[in-house]
Amino acid sequence: VIARGARRKNSRLAAACQLLAYSELTVYQKGAWHMLDEASTIELFDGVRQDFENLALASFFAELTESVAEEGSPAPELLRLLLNALYALGVLHKEPLLVKTAFTLRLLALAGFEPLADGCAVCGAERPEEPRFHLREGALHCAKCRGGVGEGISMPVSPPVLAAMRHVVCGDARRLFSFRLDSGALEELAGVSEAYLLTQLERGFR
């Protein structure tokens with residue numbers, strides 16, 4: 001979208017065109033281009049902008065959302081997830097690593113890469129023995145069932161981490177960030193979610 005004059009001092013479009021601004025835009029098509037006619041801000045997430053770590057993380061959220069969204073297709077659930085994550089960072093002051101991990105797993109689920117975490121994908125056990133998570137297949141399995149899920153990397157998941165994964169993927173979206181893990185378990189969950197993201201999307205992020 002071309003926003004003429006948005007960088008000029010006192011431009012009526014400037015605020016709504018900032019990075020991470022949630023805005024209402026009036027756009028019209030002119031030939032092969034889309035032109036911005038009017039814009040008004042709904043939320044600027046000042047609490048995110050004033051913290052460097054939060055700003056960097058929020059930019060990652062925006063880039064990740066763009067990577068799975070389809071141009072021209074409404075995606076209200078993706079939008080709601082992104083806005084809630086920015087709110088959790090800037091207003092609720094949730095632990096950044098917790099927000100990042102929950103956002104990543106939930107977004108992958110919404111984009112068609114939902115992890116199969118309700119039981120062992122091979123034997124069906126609801127409480128897998130020495131649970132592992134297969135990154136390529138996105139499936140939980142028992143350590144003894146490793147041969148049944150094919151080639152690729154499987155990462156161990158502790159019981160608290162497995163419970164958190166199930167909360168994030170299957171729980172109420174309004175309570176997505178309402179869980180707690182000790183620092184070690186949170187690091188473990190973050191490692192699994194990031195490895196799963198990179199495996200499924202086959203690309204890296206800054």
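1. Contact here means heavy atoms within 4.5 Å. Helices (H or I, at least four residues) and strands (E, at least two) are DSSP runs, numbered from the N terminus.

2. On sources: the model is predicted, local features need pLDDT of at least 70 and side-chain atom pairs count only at pLDDT 80 or more, whereas totals for chains, interfaces and linings use all residues. Residues are numbered from 1 along each chain as its sequence is written, and side-chain values use heavy atoms, with hydrogens and water left out.

3. The protein has six helices and five strands, in the order β-β-α-α-α-α-β-β-β-α-α from the N terminus. The C-alpha trace spans about 65 × 40 × 30 Å along its principal axes. Of the 206 residues, 39% count as buried (under 20% relative accessible area, with exposed over 50% and partly exposed in between; 1.4 Å probe, protein chains only). Among contacts with a separation of 6 or more, 56% join residues 24 or more positions apart.

4. The geometry of the H2 and H3 pair can be stated separately. H2 (residues 52-68) and H3 (residues 76-90) pack at about 175°, and their axes are 11 Å apart. That makes H2 roughly antiparallel to H3 (angles over 145 degrees; under 35 is roughly parallel, 65 to 115 roughly perpendicular, the rest oblique). Axes are lines fitted to C-alpha atoms, for helices over the stretch in contact, and angles run from 0 to 180 degrees between N-to-C directions.

5. Helix H6 covers residues 183-201, 19 residues in total, and reaches 27 Å from its first C-alpha to its last, close to the 27 Å expected at 1.5 Å a residue. The expected span is 1.5 Å times one less than the number of residues. Asp182 caps the N-terminal end of H6, with a side-chain oxygen 3.2 Å from the backbone nitrogen of Gly184. Glu202 follows H6 and has a positive phi, near 55°.

6. The buried residues of H6 include Ala185, Leu186, Leu189, Ser193, Tyr196 and Gln200. The buried residues of H6 pack against H2, H4 (96-113), E3 (132-134), E5 (154-156) and H5 (159-170). Leu186 has 8% relative accessibility and therefore counts as buried. Not counting residues up to four places away in sequence, Leu186 touches Glu95, Leu97, Leu98 and Leu181.

7. Thr104 lies in H4 and counts as buried because its relative accessibility is 2%. A polar atom of its side chain is 2.8 Å from the backbone oxygen of Lys100. A polar contact is a pair of N or O atoms within 3.5 Å; within protein, one must be able to donate a hydrogen and the other to accept it, and residues adjacent in sequence count only if both atoms are side-chain atoms. Beyond residues up to four places away in sequence, Thr104 touches Phe60, Leu64, Ser193 and Leu197.

8. Ser11 sits in the segment before strand E1 (22-30). With 19% relative accessibility, Ser11 counts as buried. A polar atom of the Ser11 side chain lies 3.0 Å from the backbone oxygen of Gly5. Leaving aside neighbours within four places in sequence, Ser11 is in contact with Gly5 and Ala6.
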